[in-house]
Amino acid sequence: MDASWRSFDPDLTTRPAIALRVEVAENDCEAPVHRHRKGQLVLALHGGVVCEVPGSLWMVPPNCAVWVPGGMPHSNRPTPNARIGLLFVEPGAAALPETCCTLALSPLVRELIQHLAGLPHDYPADSATGRIARVLLDELPNMPVERLHLPTSSEPRIRRIADALIRDPADRSTLPEWARRVALSERSLARLMRRETGLSFGRWRQQLQLLVALRELAAGATVQQVSAALGYESVTAFIVMFKKALGQPPAKYLAALSRARSA
């Protein structure tokens, strides 16, 4: 991300909504943990973004967005060569959720955000830009919420496992193997994982794999490519896991999601 993005402060204006487009060129580019008065919508226009807030990771596939309420500490980690849209919303300007969530955006909302990103930020309220912002803020609360996230923890051993599996989701190490890596007994790690995330190790890792799978499938990867990237021995085994978790095989799930966004 360029220097102008790093130095940008959305709270310098009280306009109800302002937007940016960000092009990511470098690998492992991450915005440090920060917070601002305005709420923030992180939209993946190309590639993906991982948003981290206290206790959760949110993976943003193309044409979805993560909503981060104002005042919440967060950081954004885009994939290489990603293109991101950022919408900053003044507190009280729209009836948006008070907790972090994923929103499935309609084509209209996506286009409004991208259009607003090309306009001056310090616009008069009664200007054409002001009217575009009002339409956008009227539409946003109608977007469907999808609670697809990964519970995480600041506990060092859980964080080490999470970081490793995000880097290499094909790692099929068992709970006993992870326990040895983080110098715990198998039983202690199982208790720690459930206490910190609310999930068993197996269910937690499956949730991480689902999020990675959705991101990659939405970006155009085939089911075969995603299955291999997640370390499955067969495509069938991956499809069975996906259908058991989300109720539909990958192709049908993404088609239904696409229809919902276009509605």
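**Reading the sheet, a helix and the rings**

Tutor: An open sheet of four strands has the order 6-3-4-10, and its pairing is antiparallel. Strands are DSSP runs of E with at least two residues, helices are runs of H or I with at least four, and both are numbered from the N terminus. Two strands pair if DSSP finds at least two bridges between them. This is a predicted model, in which local features need pLDDT of at least 70, side-chain atom pairs count only at pLDDT 80 or more, and totals for chains, interfaces and linings use all residues. Residues are numbered from 1 along each chain as its sequence is written, and side-chain values use heavy atoms, with hydrogens and water left out.

Student: Which strands stand at the edges of the sheet?

Tutor: Strand 6 (75-78) and strand 10 (150-151) do; each has a single partner strand, so one side of each is left without a neighbour in the sheet. Strand 10 runs antiparallel to strand 4 (residues 56-60), and two bridges join them. In one of these strands, strand 10, L150 is the bridge partner of L57.

Student: Which residues of helix 9 are buried?

Tutor: First, the general idea: an α-helix has 3.6 residues a turn, so residues three or four places apart point the same way. Buried means under 20% relative accessible area, exposed over 50%, and partly exposed in between, with a 1.4 Å probe and protein chains only. In helix 9, the buried residues are F238, M241 and F242. Seen down the helix axis, they fall within an arc of 95°, so they line one face of helix 9; the arc is that of the directions from the axis to the C-beta atoms. The face turned away from this buried side carries the exposed residues T236 and K244.

Student: How many aromatic pairs are there?

Tutor: Rings of Phe, Tyr and Trp (its six-membered ring) pair if their centres lie within 6.5 Å; planes under 30 degrees apart count as stacked, over 60 as edge-to-face and the rest as tilted. By this rule there are five aromatic pairs. The rings of Y232 and F238 have centres 5.7 Å apart and planes at 65°, so this pair is edge-to-face. F242 and Y253 also form an edge-to-face pair, with 5.7 Å centre to centre and 80° between the planes. F242 lies in helix 9 and Y253 in helix 10 (residues 250-262), so the pair ties together parts that are eleven residues apart in sequence. Ring pairs link Y232, F238, F242 and Y253 into a cluster.
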